[in-house]
Amino acid sequence: MDKLLIRGGRSLQGEVAISGAKNAALPELCAALLTAEPVLLGNVPHLQDVATMQRLIANMGVAIERTEQGGMRMDASGLNSPEAPYELVKTMRASVLALGPLLARFGEATVSLPGGCAIGSRPVDQHIKGLQAMGADIVVEHGYILAKLPAGRTRLKGARITTDMVTVTGTENFLMAATLAEGETVLENAAQEPEITDLAEMLIAMGAQIEGHGSSRIRIVGVPALHGCTHAVVADRIEAGTFLCAVAAAGGDVFLRHARADHLDAVIDKLREAGAQVLAERGGIRVSSPGAAQLRAQSFRTTEYPGFPTDMQAQFMVLNCVARGTATVTETIFENRYMHVDELARLGARIQVDGRVAVVEGLAGSSARLSGATVMATDLRASASLVIAGLVAEGETVVDRIYHLDRGYDCMEAKLRGLGADVERI
């Protein structure tokens, strides 16, 4: 099993290219199921989750080929099996995104209940309720979602869908399903993440009629069929935010090429309040920092976009661990997203958790320091936080179970080495 060996204490300098967003690429791969014409998706990141989704849709009969420019050409004209089996989806939550497109185009779908990171409850009941409102008959049996249109119907019907909570994958499923439904669909309480806006722009390029994406109310007017398109995946704001926190903690000056500052307002505001310099420049973001010992710990609360993202909670917590002062972190999205705390404590971090609240006592100004040790990644973003901690800790840190990291970060250790970090895969 691969691990990362990190020798801490080096500042980061230079330029790093931010890859395409995992959380945009996954629904956009599923969007190719909506048409019989070829779809060319550019800027697709080389990630484990993307490879899993690729295998999933290929198993359905989609012809896929990688292009030399890092893209992916998909042809779903020969799709012959509208099923997502357990063996292919057990490691990835996003597999449920196949449900809406398959149901919309073929009138039926069989999708295994998904897996993914063990960070808390993420039920699919909102997906089921929304698609039922659009006229689908759905039952859950033997670990599978079985969906089909009623006898005599050939298309889903438009509906007004208001979810009980903001759901990103739910919004994406409804958005894709509604493009081929009869009439108008209105999504209330819709998620507003940039990845949803990017998906909507891809669907519009395929001939969909969508307005309001990027807001909490999205309106879709269904069309009889969609056509192929060429679309580039938006840059990964969470990868960009992870590198922002890494530079702030370790110190240095780095330009993040392709990063979008307008997608990271909440994170950038906190970094600036901490004392790091973050500037939006043409083609990316520049961050410079004297190192966490000169920064001030910042309290924050995770919430839906455009608030502070839960996917950045663990990474920013590391910065607080090595900055000056004490800060409070409140996690409102997932009930089990502090599994990295025990591992950070192995490195010497001072964190007390009470339910959804973590109180972090920064080490700067004291005689204590983070010191290298062997730690274990428990989920995708926790693994990134341990890498950042290893960059700052004295001595050697070994991060085990980095298959979590590979699910969401494209060649992270190579990118860090390019910035001067001492990191190797063993």
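Predicted model: local features only at pLDDT ≥ 70, side-chain atom pairs only at ≥ 80, totals over all residues.
1. The chain splits into domain 1 (4-19 + 235-425) and domain 2 (22-232), and their C-alpha centres sit 31 Å apart.

2. Now for the interface. On the domain 1 side, 20 residues are in contact with 20 residues of domain 2. Together the two domains bury about 1,800 Å², with 55% of that on carbon and sulfur atoms. Have a look at Tyr305, Phe334 and Arg407: they supply 35% of the area that domain 1 buries against domain 2, more than any other three residues.

3. Polar links are there too. Two salt bridges turn up across the interface of domain 1 and domain 2, and the count of residue pairs in polar contact between the domains is six. Helix 12 (380-392) and helix 13 (403-408) are the elements that give two or more residues to the side of domain 1 touching domain 2. Helix 13 gives the most, with three residues.

4. On to the rings: the structure has three aromatic pairs. Phe300 and Phe316 are edge-to-face, because their planes are at 70 degrees, with the centres 5.3 Å apart. This pair links distant parts of the chain, Phe300 being in strand 18 (residues 300-301) and Phe316 in helix 10 (residues 313-322), 16 residues apart.

5. Phe316 also pairs edge-to-face with Phe308, at 5.7 Å centre to centre and 85 degrees between the planes. Phe300, Phe308 and Phe316 make up one aromatic cluster. Phe300 counts as buried at 5% relative accessibility, and Phe316 does at 0%; Phe308 is buried as well.

Methods: Residues numbered from 1 in each chain as written. Heavy atoms only, no water. Phe/Tyr/Trp six-rings, centres within 6.5 Å; stacked < 30°, edge-to-face > 60°. Helix = DSSP H or I, 4+ residues; strand = E, 2+ residues; numbered from the N terminus. Buried < 20%, exposed > 50% of the residue type's maximum accessible area, 1.4 Å probe, protein only. Domains from an automatic or database assignment. Contact = heavy atoms within 4.5 Å. Buried area = accessible area lost by both parts, 1.4 Å probe. Salt bridge = Lys/Arg side-chain N within 4 Å of Asp/Glu carboxyl O. Polar contact = N/O pair within 3.5 Å; in protein donor to acceptor, adjacent residues only side chain to side chain.
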